[in-house]
Amino acid sequence: MFKGQPKGLYALALATTGERFGYYTMVAIFTMFLQAKFGFSAALTGQIYAIFIAIAYFMPVIGGMIADRIGYGKCVVYGTVIMFLGYTALAIPTPANGVGIASMIGALLLICIGTGLFKGNLQVLTGNLYDSPQYAARRDAGFSLFYVFINIGSMAAPSAATAITNWMLGKSGLIYKADIPALAHQFMDGSISPENAGRLQSLATLMPDSGVRAMDLGSFCNYYIEHLSASYNMGFAVACVSLIVSIIIYFACRPWFKHADYNSKQAAGSSAPVAELTPQQTKDRMVALFLVFAVVIFFWMAFNQNASSMTWFARDYTAASTGGWVRIGFSFPAIMLMAAAAYTIAAAFQAEKKSGRITFAAISAALVAGIFIIFKGLPEVVEYQPQIFQQFNPFFVVALTPVSLAIFAALAKVGKEPSAPKKIGLGMFVAAIGYFVMVLASRGQMSPAELGGNVSPDPVVPHYLIASYLVITFAELLLSPMGISFVSKVAPPKYKGLMMGCWFAATAVGNYLSSIPALLWDKVPLWANWTILAVLCLIAAVIMFALLRKIEAATEE
């Protein structure tokens with residue numbers, strides 16, 4: 001798994017881990033920040049979030065075009081600086097008025113521009129490492145490992161955001177309750193019903209500080225919204241720190257990948273390997289790439305529900321506490337040990353020497369023992385906040401990647417490994433299954449409109465959301481790292497940055513379309529949203545398999 005990889009891979013992967021940790025800490029709480037601070041509806045919140053992630057993933061097109069001219073490394077550095085400025089602006093508390101909204105939009109634009117310069121170009125640098133014949137056969141495995149590092153940062157982000165939120169609320173004599181923000185805004189704008197006013201008053205009495213409990217309802221609403229919003233601002237500040245760590249790693253380890261920092265113009269005057277393509281080959285490859293880009297739009301539309309409709313389902317329809325074995329999943333130290341154990345167990349099977357197998361087996365046993373100790377020390381009932389569910393997708397990516405690599409390595413040995421386009425088609429089909437799980441979870445639940453800002457009186461167990469994230473992660477492992485690897489391999493040399501940018505542009509379109517469930521959130525039955533996503537993924541899978549021969553023929557070397 002790790003054997004035979006260029007060491008530059010680990011430097012670039014660690015650099016992106018820091019950047020992604022900051023980004024996903026921000027994303028974990030962003031939609032709830034919008035609704036808590038400004039009182040935005042689900043539809044407006046979904047639109048703002050979708051536009052932000054769409055622009056953030058479209059900007060690598062421009063970043064790639066710039067890098068094709070001035071170099072990938074320069075763009076990575078410039079992008080880091082611009083992102084830092086954006087996260088700093090987002091972390092500064094502002095009033096909940098037009099000034100606050102304008103400041104937030106400006107901060108988001110800076111983050112988008114910085115992401116456009118950083119994200120795609122760092123991955124092109126990674127792909128360039130595998131242009132050498134020495135590493136060419138390890139490209140897919142390398143990008144799978146790169147993807148693991150991305151998800152290590154993503155996995156830690158929801159716990160970091162939750163810890164900061166709880167710490168800031170605790171300092172103010174408050175605790176988090178999912179339905180207070182919506183009810184508080186109803187009270188402040190005069191639209192609250194007598195029933196909801198009584199519910200809000202009972203929630204206020206649960207606050208740990210006696211001074212807070214003594215406040216009149218109007219003062220409590222303003223106080224709670226102000227301090228919850230400030231706690232989210234502090235969560236955004238985490239991204240600033242993580243970017244500093246990321247750029248330190250980048251410069252400290254630059255000698256490991258400096259040789260891969262070339263574009264087609266720079267490579268022409270050096271000894272760097274450059275494939276020579278005829279005009280027809282260039283055209284065929286670009287057509288194949290754009291066909292893949294068009295299909296994966298539907299996956300990203302479905303996938304990017306994690307910070308919007310999936311988190312709202314966690315907040316409004318899922319029990320806020322759980323017991324039994326599943327509570328181990330809400331302990332971040334435990335899932336970190338589980339992820340580590342996945343790699344030590346894989347290493348034990350793959351070790352060439354008996355001593356190596358024994359060593360890794362012993363480490364695995366120690367990790368399992370640690371997990372058991374943590375589990376026994378957990379309370380019988382564990383409480384959690386809705387954003388914590390966002391850690392399950394990256395956790396499953398990290399933990400399942402060794403399994404995925406082992407399966408594909410075994411298939412490759414017998415000449416039966418699916419091509420990257422075929423893996424993408426399979427991923428679309430699996431994603432559809434993940435959303436059918438959510439259809440089952442929504443049976444018998446009131447629509448969001450019927451809830452009227454409250455949480456469900458009959459919430460479901462967390463197992464549904466966890467199972468859905470698990471299935472969708474299988475789809476992601478088939479699609480995302482394979483897609484990035486496919487682009488880095490097939491893109492004509494003089495258009496590498498642009499083509500990697502177009503991969504993210506396809507993601508951007510899907511990201512914007514991810515707002516459709518938010519637009520429908522208060523207008524259709526809950527199960528209908530998940531059904532729409534599942535059916536679209538099935539249609540995309542059918543299209544991908546229909547185009548498979550054309551794509552594979554165009555990309556054969």
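User: Where does Trp530 fall, buried or exposed?

Analyst: Burial goes by relative accessible area: under 20% is buried, over 50% exposed, and partly exposed lies in between (1.4 Å probe, protein chains only). Trp530 comes out at 0%, so it's buried. Trp521 has 3% relative accessibility, so that one counts as buried too. Bear in mind that this is a predicted model, where local features need pLDDT of at least 70, side-chain atom pairs count only at pLDDT 80 or more, and totals for chains, interfaces and linings use all residues. Numbering runs from 1 along each chain as its sequence is written, and side-chain values use heavy atoms, with hydrogens and water left out.

User: How many aromatic pairs does the structure hold?

Analyst: Rings of Phe, Tyr and Trp (its six-membered ring) pair if their centres lie within 6.5 Å; planes under 30 degrees apart are stacked, over 60 edge-to-face, and the rest tilted. This structure holds 30 such pairs. Take Phe395 and Phe396: their centres are 5.4 Å apart with 45° between the planes, a tilted pair, and both residues are buried. Trp521 and Trp530 have ring centres 6.4 Å apart and planes at 75°, so that pair is edge-to-face.

User: Which aromatic cluster do those two tryptophans belong to?

Analyst: Trp521 and Trp530 sit in one aromatic cluster along with Trp312, Phe313, Tyr317 and Tyr435. Trp312, Phe313 and Tyr317 are also among the buried residues of α12. Helices are DSSP runs (H or I, at least four residues; strands are E, at least two), numbered from the N terminus. In α12 (residues 309-317), nine of the nine residues are buried, so the rest of the structure largely encloses that helix.

User: What is Ser447 in contact with?

Analyst: Contact means heavy atoms within 4.5 Å. Leaving aside neighbours within four places in sequence, Ser447 touches Tyr317, Val524 and Pro525. Ser447 lies in the loop between α16 (420-441) and α17 (448-451), and with 13% relative accessibility it counts as buried.

User: Now helix packing. At what angle do α6 and α9 pack?

Analyst: Axes are lines fitted to C-alpha atoms, for helices over the stretch in contact, and angles run from 0 to 180 degrees between N-to-C directions. For α6 and α9 the angle is about 130°, with the axes 9 Å apart. Under 35 degrees is roughly parallel, over 145 roughly antiparallel, 65 to 115 roughly perpendicular, and the rest oblique; α6 and α9 are therefore oblique to each other. On the α6 side, the contact includes Ile180, Pro181 and Phe187, and on the α9 side Leu217, Phe220 and Leu228. The contact residues divide into eleven nonpolar, three polar and no charged (Ala, Val, Leu, Ile, Met, Phe, Trp, Tyr, Cys and Pro are nonpolar, Asp, Glu, Lys and Arg charged, the others, Gly among them, polar).

User: What covers the buried residues of α6?

Analyst: The cover includes α1 (7-38), α7 (194-204) and α9 (217-252). Ile180, Pro181 and Leu183 are among the residues of α6 that are buried. After α6 comes Gly190, with a positive phi near 80°.

User: And what angle do α4 and α19 make?

Analyst: About 125°, again with axes 9 Å apart, for α4 (residues 98-129) and α19 (residues 496-513). That makes α4 oblique to α19.
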